[in-house]
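Visitor: I'm new to this one and would like a guided look around. Could you show it to me first?

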Amino acid sequence: MRPMVPGALAAPIVLMLLASGLRSAPAAEAELSLHERIDRLIEAKLDAPPAAPATDGEFLRRAYLDLAGTIPSPEEARAFLDDPSPYKRDRLVDRLLELPSYARRMQYVFDATLLERRGDQHVPRADWEAFLLRCFAENVPYDEFVRRILEADGSEPPEQRAPAKFILERGADPDLLTRDIGRLFLGRDLQCAQCHDHPLIEDYKQAHYYGLRAFLDRTSLFTDPKTSRAMLAEKAEGETTFQSVFRKSVTHTTAPRILDLEPIADPELPENEAERYEVAPAKDVRSIPKYSRFDQLAPSLASDDVDAFSRTIANRLWALMMKRGLVHPLDLDHADNPPSHPELLDLLANSIRAMDYDIKAFLRELARTRAYRRSSEPPPGASEDLVEPSRFAVAGLEPLSPEQLAWSLMQALGVVDAHRQQAEADLDALEADLCDLCREDRDRIANRPWRIEQMVHDRLAGNVRGFVQIFGASEGQPDSSVESSVHQALFLSNGPLVQSWLNPSGTNLTARLAAIEDPAAVAEPLYLAVLSRRPSEEERAEVVSYLESRGADQRAAAVRELAWALVTCSEFRFDH
Amino acid sequence: MRCSYSCRSIEHVLSRRSFLGGLAAGFGAAAGFAGRPMGALAADLQRGGYQILMIYLAGGSSQLETWDPKPGTATGGPFRAIETSVPGVRISELLPKTAQQMHHLSLFRGLNTSEDDHGKGHYLMHTGRRQAPGVEHPHLGSLAARFLAPERDPLPGYIHITPGGGGFSGKDAAFLGPKYGALTLGNGNPPVNADRPGSIGEAEDLARHQLRMRLDRRFDTRRRTAETEAYTATYDQALQLMERRDVFDVTKEPTRDQDRYGSHDLGRHCLLARRLLEAGATFVKVTHSNYDTHNENFDFHLEQVGEFDVSFSALIADLAERGMLDRTLVIVNSEFGRTPNINQYYGRDHWSKAWSVALAGAGIKRGSVVGATNENGTEVVDGEAHGEALFHTYLRAIGIDPVIDEFSVNGRAFQIADPAFYPIEDLLA
């Protein structure tokens, strides 16, 4: 395992990237880049040409949604579409990965993945989000990120206990944690192996379930009577035993163990019970054993020894970009549900491990593949087999997450820009009294986009939470369980929030469009703002005819209706 | 170790078979594994056109003051038992109007749920499962919304009418996905966002929808997927729901009916339930609060059951008269019953060992009583069954065989009811 000292994490990102580049030098000797090897493995399984490359507009929108969590501004869209450089797609990906919006996007993705829309009973949401944001801003390696989450027990000082949210919001329930650790980090839903070996999945053993649970069985949720903060208490003894419901006569005992790896035996414990504790159990006291089974969890799981760990994150990041896992569903990795491309998954798992779990570098490679850069439109006359999502011959299509939808709507309708301008003015006012030297300080300049992003985020995050309520999964369920519903359609059609964004006001989209006199000049800024592309001739004519049918005196209302139709059409609702 | 048996497993079926031994030969062996796969099942269910009405007596209603009176015993309390429209079947005198509808009802007096906690009892009586860590099961309303409701039904598949706040929540749907959650009509008020914004006229609304549809057609022509189709269909549903939003307005019902159902919340809510069921709503639940009578059990039941009797009897009579009872399963339940023992505050406490529910309608025998308690009502002496078995019974009543029919969500198979149990056959028509 790579040694990792906390101090190194604060090092500038550039240095870290450089370092990871050096470490993966042997991989570079393989003459082909990772993205090229990925594409060859995908294309080797196709017996017909895949979809054409995405248009500039499609690619721009997709890359923004996937790596920045929102659609681009109309100015960015125009600049990208007009840029003649053949390298502009690579440059866009590189640029997006360095923006504050990348860290924010990953914050949302990993919040939804790890907490599955659970509430905020034990750890304030703001602390958890700040922890996630910082990890992705610093590009903390994924294995280190997982260790930070699984070693936190809630007893840390308030400013450091945010990562314990994963465990605490699950009530420290050993069964719930066993299931979710298996699902999220090992790609295995072991729920059905709780009472017996999985009846339908040969690879999932009851011993796997209890091996994981043994890390947690001695812990319990303890509430500090002074601070009222929840944390884990742990006992020094207690064995994890299990029986199959079909053979109750045989009782098995297991030490903590990750899947089929060696069990982690307890060290020799002192005979005297009291000597087994740093702090012995007593009323209103958090017991702390000298040897903690819980402490073994983070290093044992997020380890290079655990194939399932690297395989699962490789598959999850692949699914994030390609809208479908190589193993699908993401938490049913077993021999009878093989990956669509077994060699590719091996390659990805080995690569991310060799890259020292550098998420940003890994996503960059995925964003460079031809597979990622294809159109979501199947080629003419494509067979059913070719358009099958697991072929990756046609780009995938996925509804925007609640957060992507909220930010994209606010971006499209001009809400974000208005708040960004305000934030910039506020920051300027705040810094007006600084000396020239301070103002030109390099750190301050480098920090400015981050501060602006945070200010805009703070002002608009309340709207995002409203969208999570309507478009997110319910508590404890993955977002993949969400289907379109009539309530969502009513919210977008009649809800006061979206209506207020659509009403012309200040410099928002509809106000800007309503001020354009020539009906023929409305379509382009409208399409650039909402769909990040220029309209076709047919679409231009459609906009003109809509505006003319409503007459000049109804221009504001007509513009509002046009904008509504564009933000509710499927081209906007989906990442495609 | 408690097992939640959440997986669909042949071993579960087999182990139950061997446990039941010869008994299983009757229907188990004949049924074999000839269950319908999802596609056929969905088609059958939608053709069946079943609806469900659940009246939930929140807090734990007393079986002794309703369906299983024990007058003249130490535990019986002050109320008498009265004759009903079914000779020989007697229920509490607090239910005089319901007694006249007894020929439509089936009583189950053998319920033992062994769960005296409000939350866990509520969970069991809505999901047919014991609550277990790490797993959430869908409520009956969500199962109905997912499997009974017509796919493009403009009315939400699971509607809950209750005192208090309203809104939409996906929680009850668990892994089925929030779409199949409950639309709660708090105090019977219509759902939010069902009205067009004041600034948009009907013609303008239609115009913007037509524009949206043209945009959708252009995009979907080449990229159509089940998901894009489902998305665009929700706007058709929204328009239909807005068109029909009167269906949530109980004041549109004749004054005569409003009087007949009672001028209290429950009366209005039961009448709204009738209105919604008539409009085709798949699952309607009405909550009547609160029966948690640790103090003054008898005064409270006099009042609460009095309200219930008026509204419920009118509703049952109407459903029967309109021919809706054949297709509508009616369930009157609670999280548990109340202790035969009367405490020092003239109250009854939580009691799940021997209590009753009432059923009617689709698939249910009429005018019958199944199960019995002893003289004091302290124990089930005949036909005892658990909450899980009751849940199987609901499903069988509406044409689902929870033992053999196949269910899956996103490619994952699941057992719709706890596989360690069977339906209560005597309740089924």
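Visitor: How many residue pairs are in polar contact across the interface of chain A and chain B?

Guide: A quick note first: this is a predicted model, where local features need pLDDT of at least 70, side-chain atom pairs count only at pLDDT 80 or more, and totals for chains, interfaces and linings use all residues. Residues are numbered from 1 along each chain as its sequence is written, chains are lettered from A and ligands numbered from 1 in the order in which they are written, and side-chain values use heavy atoms, with hydrogens and water left out. A polar contact is a pair of N or O atoms within 3.5 Å; within protein, one must be able to donate a hydrogen and the other to accept it, and residues adjacent in sequence count only if both atoms are side-chain atoms. By that rule, with both residues at pLDDT 80 or more, the number of pairs across the interface is 17.

Visitor: Which helix gives the largest share of the side of chain A that touches chain B?

Guide: Helices here are DSSP runs (H or I, at least four residues), numbered from the N terminus. Those giving two or more residues to this side include H12 (174-186), H23 (486-494) and H27 (537-550) of chain A. The largest share is eight residues, and it comes from H23(A).

Visitor: How many residues of H23(A) are buried?

Guide: Buried means under 20% relative accessible area, exposed over 50%, and partly exposed in between (1.4 Å probe, protein chains only). Among the buried residues of this helix are A:His487, A:Phe491 and A:Asn494. H23(A) is mostly covered, and the count is nine of its nine residues.

Visitor: How much area do chain A and chain B bury between them?

Guide: Contact means heavy atoms within 4.5 Å, and 69 residues of chain A are in contact with 64 residues of chain B. Buried area is the accessible area (1.4 Å probe) that two parts lose on being put together, summed over both. Of the area buried here, 59% is on carbon and sulfur atoms, and the total is about 5,600 Å².

Visitor: How many salt bridges are there between chain A and chain B?

Guide: A salt bridge is a side-chain nitrogen of Lys or Arg within 4 Å of a carboxyl oxygen of Asp or Glu. A:Glu539 and B:Arg218 make one, at 3.4 Å from N to O. Over all chains the search finds 92, while between chain A and chain B the count is seven.

Visitor: Are A:Asp180 and A:Arg183 buried or exposed?

Guide: These two form a salt bridge, with their closest N and O atoms 2.8 Å apart. Both sit in helix H12 of chain A, three residues apart, about one turn of the helix. An α-helix has 3.6 residues a turn, so residues three or four places apart point the same way. As for accessibility, both A:Asp180 and A:Arg183 are buried.

Visitor: How many residues apart are A:Asp82 and A:Arg534?

Guide: A:Asp82 forms a salt bridge with A:Arg534, the closest N and O atoms being 3.1 Å apart. The pair links distant parts of the chain, from helix H6 (residues 74-82) to the loop between helix H26 (523-531) and H27, and the separation is 452 residues.

Visitor: How many residues does the largest nonpolar core have?

Guide: A nonpolar core is a set of buried Ala, Val, Leu, Ile, Met, Phe, Trp, Tyr and Cys residues joined through side-chain atoms within 4.5 Å. Among the residues with the most contacts inside the largest one are A:Phe467, B:Trp67 and B:Phe308. B:Phe308 touches residues including B:Ile55, B:Leu95 and B:Val332, not counting residues up to four places away in sequence. The size of this largest core is 113 residues.
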